[in-house]
Amino acid sequence: MRARPLLRPIRPIRLIGSRAARLSISKQVLLLQLAVAVLLTAAGTVAAIQQARSTDFNHARAETLALAETIAAAPGTAAAVRSSDPTTQLQPIASSIQASTSVSFVVIMSPVGIRYTHPNPDEIGKHYIGDTAQALAGHPFSEVYTGTLGPSVRSVAPIYAANGQADHKIVGLVSVGITLEQVSTLAGRALPLILAIALGAVALVGLGSWALSRRLSKQTLGLGPQEITRLYEHHDAVLHAMHEGLLVLDRRRRVLLVNDEALRLLDLSASGEQIEGRNVADLGLDPALTALLASGRDAHDETHLAGPRVLAVNQSKAVRDGRDLGTVATLRDHTELRALAGELDSARAFADALSASAHEAANRLHTVVTLIELDRPADAVRFATTELAASQGLIDRLLGAVGDEAVAALLLGKISQAAERGVEISITEDTAAPELAVPNRDLITILGNLIDNAVDAAAAGEAPHRVAVGLCSGPDSGRDGDGPAASVPAGGLRIQIADSGHGIEPEHAEEIFTRGWTTKNEAGHGIGLALVRRSVDRNGGEIVVANDPVLGGAVITVHLPNRPDTHLSDDAPAAKERAEV
């Protein structure tokens with residue numbers, strides 16, 4: 001079967017609003033970029049045209065001024081001006097210069113402004129139209145003036161008398177000009193190139209904007225800004241309202257998203273540090289949980305520890321369009337459920353023990369009836385009282401030594417279960433814990449898991465299969481002399497469980513309490529001793545692991561100190577009285 005992607009395409013939520021608001025972000029960005037590009041290109045084109053005109057205008061001014069000064073200083077110009085017929089000598093020269101250059105006119109005139117030359121012969125002999133005062137003062141100049149040929153850029157330079165005269169008398173003037181129409185024509189030659197560059201820039205920007213728009217459209221799923229805002233607000237509200245922890249990691253196992261419940265379950269909210277962007281290995285989580293999150297493998301309701309909590313962890317890969325986006329992990333708090341399950345196991349074990357006892361009682365009753373039918377009443381009475389004394393003695397001893405009927409029921413149930421597997425559980429002679437200064441649930445978790453592991457170890461060892469259980473509370477709960485619990489301080493509650501199994505290697509003494517450590521090949525193991533460690537640590541206790549010299553297997557000693565804030569159950573003495581009755 002083909003795996004269904006974890007992340008499905010998001011269906012856009014169409015909102016009612018203006019046409020611009022309904023456009024996707026990618027289209028809005030495309031239109032905005034095109035508008036900006038067109039405006040900038042238009043402004044640049046206008047500026048380029050103005051620059052070209054200004055350049056041509058300055059070029060025309062410089063060209064006319066240079067040409068006017070050159071003609072005025074040319075040999076023979078002053079003599080021709082002072083001759084009897086200046087026009088005959090100067091008109092051909094002016095026409096030739098005008099034809100060989102880009103100027104519109106070359107006018108040579110007398111100091112009072114009478115024209116000797118002009119492109120229009122009808123204007124020869126008439127008065128020059130324009131300013132000549134600066135030239136008559138000996139200063140060549142340029143100006144824009146409207147004459148007979150229209151507005152023009154013109155320069156006027158003085159013609160001095162032949163060299164040798166001391167006074168450098170001005171004998172004439174030269175005016176050279178280019179009409180503004182011709183200047184505009186020169187600037188217009190650059191217009192096609194400017195427009196081509198502008199259109200190319202617009203096309204290039206448009207192409208880049210289109211490519212960016214397509215990429216942005218893929219990244220935003222074609223959604224508009226209002227739709228993205230709406231989705232974000234809804235998703236954020238849903239994430240923070242979830243009663244399950246949610247942890248989203250990218251392909252490099254960095255945190256992309258974590259909701260409030262996940263922060264609480266993982267004890268990360270109190271640190272106040274930024275969680276997003278950090279690698280999961282840097283969060284300080286339990287090693288087994290860190291290994292699961294870092295591996296990226298799929299997991300279904302795996303049990304992991306996070307501080308004092310027991311979490312059910314589910315993890316799946318996030319895939320979209322065949323691309324691996326990372327992993328999504330959900331966390332559920334199973335701490336209370338585990339505790340209730342432990343209590344249920346205790347009650348069930350007690351019920352199984354009662355069922356087994358009822359079965360054995362029926363067998364004994366048949367034996368008593370048969371002895372009476374055989375007319376042996378004395379033997380029947382002796383048999384019945386002996387069996388009753390043995391069973392009642394164990395119950396009375398447990399209820400008298402252990403001040404909690406739930407713990408006593410747990411021990412009776414474990415004894416019955418172990419007997420069915422061929423393992424004998426004995427209660428040590430020094431067992432005396434009328435007051436249990438430890439929370440009931442924690443004590444059941446510690447005892448139940450330690451006894452289960454001891455029974456498994458004893459059953460796997462050589463016969464006889466035996467387990468010894470001891471509980472001692474009060475100031476004498478410490479163990480004197482040499483032994484596995486010699487380093488445990490006195491006071492509080494001491495739990496000691498030994499088995500006849502193969503023992504525990506010293507190098508594994510701490511490793512066995514790590515989540516996932518087990519000697520069994522079946523799935524679902526490796527959590528019990530880890531829960532024991534967490535319960536002991538939560539109550540400020542200590543654990544000592546050694547090998548028992550008597551039974552030959554392992555012996556685990558747990559010392560739990562007195563806790564002044566622990567309130568004992570008032571039902572323990574009453575329960576004992578009810579059991580005795």
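1. D452 is partly exposed in this predicted model, with a relative accessibility of 30%. Its salt-bridge partner is K414, and the closest N and O atoms of the two are 2.8 Å apart. K414 has a relative accessibility of 11% and counts as buried.

2. The whole structure contains 11 salt bridges. Side chains of opposite charge can pair when their charged atoms come close. Two further examples sit within single helices, as described next.

3. E261 and R264 form a salt bridge in which the closest N and O atoms are 2.6 Å apart. Both residues are in helix α9 (residues 260–265), and because they are three residues apart, about one helical turn separates them. E261 counts as buried at 17% relative accessibility, since the cut-off for buried is under 20%. R264, at 35%, is partly exposed.

4. R533 and D537 also meet through their side chains in a salt bridge, at 4.0 Å from N to O. They lie four residues apart in helix α15 (residues 528–538), which is about one turn of the helix. R533 is buried at 19% relative accessible area, while D537 is partly exposed at 43%.

5. Turning to the strands, five of them make an open sheet in the order β6-β5-β9-β8-β7, with antiparallel pairing. β6 (255–258) and β7 (299–306) are the edge strands, and each pairs on one side only. On average, neighbouring strands are turned by 25 degrees against each other, direction ignored. Helix α10 (residues 287–295) packs on the sheet and touches β5 (245–249), β7, β8 and β9 (323–333). The direction of α10 makes about 140 degrees with that of β7.

6. Is β5 covered or open? It is mostly covered, with five of its five residues buried. In a regular strand the side chains alternate between the two faces of the sheet. In β5, G245, L247 and L249 are buried on one side, and L246 and V248 are buried on the other.

7. β5 is joined to β9 by five bridges, and L246 has T330 as its bridge partner there. Three bridges join β5 to β6, where L249 is partnered by V255. β5 and β6 form a hairpin with five residues between them, and R253 in the turn has a positive phi of about 60 degrees.

8. A306 stands opposite R309 in β8.

Notes:
Residues are numbered from 1 along each chain as its sequence is written. This is a predicted model: local features need pLDDT of at least 70, side-chain atom pairs count only at pLDDT 80 or more; totals for chains, interfaces and linings use all residues. Side-chain values use heavy atoms; hydrogens and water are left out. Two strands pair if DSSP finds at least two bridges between them. Helices (H or I, at least four residues) and strands (E, at least two) are DSSP runs, numbered from the N terminus. Axes are lines fitted to C-alpha atoms, for helices over the stretch in contact, and angles run from 0 to 180 degrees between N-to-C directions. Contact means heavy atoms within 4.5 Å. Buried means under 20% relative accessible area, exposed over 50%, partly exposed in between (1.4 Å probe, protein chains only).
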